[in-house]
Amino acid sequence: MSAASFGALPESVRALAQADFGDIARRFTDAGFTVGLPARGVLTVKAARPDAARASVLVSVGVHGDETGPIEMVAHVLDALARTPEALAVDLMLCVGNIDAIAAGKRFIDADLNRMFRVQRGDLAGTFEAGRADSLISATRDFFEGSGPARWHLDLHTAIRASRYPKFAIVPELIEPAARGRLIQWLGQAGIEAVIMNPASAGTYSWWTAEQHGAAGSTVELGRIGTLGQNDLSQFLDASNALDGLLRGHAAFDGRMPLVFNTAQSITKLSDAFKMSFGRATENFTPLKKGEVIATDGDTVYTVKHDEELVVFPNPDVRVGLRAGIMVVRAD
Ligand SMILES: [Zn+2]
């Protein structure tokens, strides 16, 4: 892939892709908000007087630099909101995750940023993204510290591979049930078709905010990956409206709810002998039948244990010790 071209983009999209918050920051400052730039690529907009009844919403985009659709979508939502800044009804932290990878038109510089949100990083510790994660962890802590109990984190992505449910989300099981219910309802409103309840961290940003800060956090896959400025924005219309509603404090709900899946097993690559029965091009939510072999790894054989399990994020090429896929089952 070649370096991203910012030349022909709408100004609001160019600005967000380069984490240039000048115009947005000025509009909210002029409207009386407390605006901060706590780290490169991070903007915070808070009510001038702290208010525990106000929700705190973290929206992150570009954690994977090649997933550009959410950058375009959020740029348009913010551009519209900043024209009537007093309509912002929450404390907002906006985070452009991997600015350097976005500029390079790449997924990451050294390693996947969305595996760095953990205390022990092993051989990933010296990577560019480890340093970036440290900056984000610190800015995120400062944002949520002292904020009220209504805390959200929407980490917006697009998927590399085809999916039986093109719009789906990963939700940490440890989120407190009432907040989790509101999050899943919002996801349904955003057009998300399937939710995977995740019992264990894979080092993702949204797990970190859920675990460390009690946020209703989710990794949200909004559709297919595309080039900055050329994304089909119609696929993001529901998500765009739902985000706009959340930021303006209008909780519209039309009854749409995603299907909920539980994680049946996590497939970890234990050694270089790891072999998966299917490749990384396999569609997400492809069903497998009881007894089918998912992967072998030396003496370890992973097989399907339920009548049917569906595979999500299959990737035999991950580093040893990391997750090579998740098997999920319907929750109801
Ligand atoms: Zn991603």
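Which residues in α3 meet which residues in α8? The legends below take up this contact and its surroundings. The model is predicted, so local features need pLDDT of at least 70 and side-chain atom pairs count only at pLDDT 80 or more, whereas totals for chains, interfaces and linings use all residues. Residues are numbered from 1 along each chain as its sequence is written, and side-chain values use heavy atoms, with hydrogens and water left out.

**View 1. The contact of α3 with α8.** M73, V74, V77, A80 and L81 of α3 meet A239, S240, L243, D244, L247 and R248 of α8; contact means heavy atoms within 4.5 Å. Helices (H or I, at least four residues) and strands (E, at least two) are DSSP runs, numbered from the N terminus. By class, eight residues of this contact are nonpolar, one is polar and two are charged. Ala, Val, Leu, Ile, Met, Phe, Trp, Tyr, Cys and Pro count as nonpolar, Asp, Glu, Lys and Arg as charged, and the others, Gly among them, as polar.

**View 2. The crossing of α3 and α8.** The two axes come within 10 Å and cross at roughly 40°. That makes α3 oblique to α8; angles under 35 degrees count as roughly parallel, over 145 as roughly antiparallel, 65 to 115 as roughly perpendicular and the rest as oblique. The crossing is right-handed.

**View 3. Helix α8 and its cover.** Helix α8 (residues 237-248) has twelve residues and reaches 16 Å from its first C-alpha to its last, close to the 16 Å expected at 1.5 Å a residue. Its buried residues are A239, S240, A242, L243, G245, L246, L247 and R248, where buried means under 20% relative accessible area (1.4 Å probe, protein chains only). Elements that cover them include β3 (56-61), α3, β4 (91-96), β5 (151-159), α6 (177-189) and β8 (216-224). Just after α8, G249 takes a positive phi of about 75°.

View 4. At 8% relative accessibility, P258 counts as buried. Leaving aside neighbours within four places in sequence, P258 is in contact with I184, G188, I192, E193, A194 and V195.

**View 5. The pairing of α2 with α3.** The axes of α2 (residues 22-30) and α3 (residues 69-83) come within 9 Å and cross at roughly 30°. The two helices are therefore roughly parallel to each other. I24, R27 and F28 of α2 make the contact with L78, D79, L81, A82 and R83 of α3.

Technical notes. Axes fitted to C-alpha atoms, helices over the stretch in contact; angles between N-to-C directions. Expected span 1.5 Å × (residues − 1). Buried < 20%, exposed > 50% of the residue type's maximum accessible area, 1.4 Å probe, protein only. Left-handed = near helix turned anticlockwise from the far one by under 90°.
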